[in-house]
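Hello,

Here is the structure I promised to hand over. My notes follow below it.

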Amino acid sequence: MVEAKPKRWARVRLLVVVVALTLAVFAVIGVLVTLFSNIGPASGPEAGTGAPQVRQLDRDSLRHSGGHSGS
């Protein structure tokens, strides 16, 4: 019975090490993406600048001149 506990703790330690290394790899990838990203300045309400204008479509502009009802 005494021999079963060290094996169990070894598995738990291995699992903890694998999870910690995985998190460390994702953290390094996140830092590299943040440092080397080429994203321009933000636009919109968060940045205090105007967002690009979007044209709103209505149903009449989407209908075809062929007279198809669509349903």
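A patch is made of residues with over 30% relative accessible area and no salt bridge, with like charges joined within 9 Å and nonpolar side chains (Val, Leu, Ile, Met, Phe, Trp, Tyr) within 5 Å. A salt bridge puts a side-chain nitrogen of Lys or Arg within 4 Å of a carboxyl oxygen of Asp or Glu. Areas are Shrake-Rupley values with a 1.4 Å probe, and for residues only the protein chains shown count as cover.

This is a predicted model: local features need pLDDT of at least 70, side-chain atom pairs 80 or more, while totals for chains, interfaces and linings use all residues. Residues are numbered from 1 along each chain as its sequence is written, and side-chain values use heavy atoms, without hydrogens and water.

Val28, Val31, Leu32, Leu35 and Phe36 form a nonpolar surface patch. Together they have about 520 Å² of accessible area. Phe36 counts as exposed (over 50%; buried is under 20%, partly exposed in between), because its relative accessibility is 63%. Buried residues make up 1% of the 71.

Regards

Methods:
Buried < 20%, exposed > 50% of the residue type's maximum accessible area, 1.4 Å probe, protein only.
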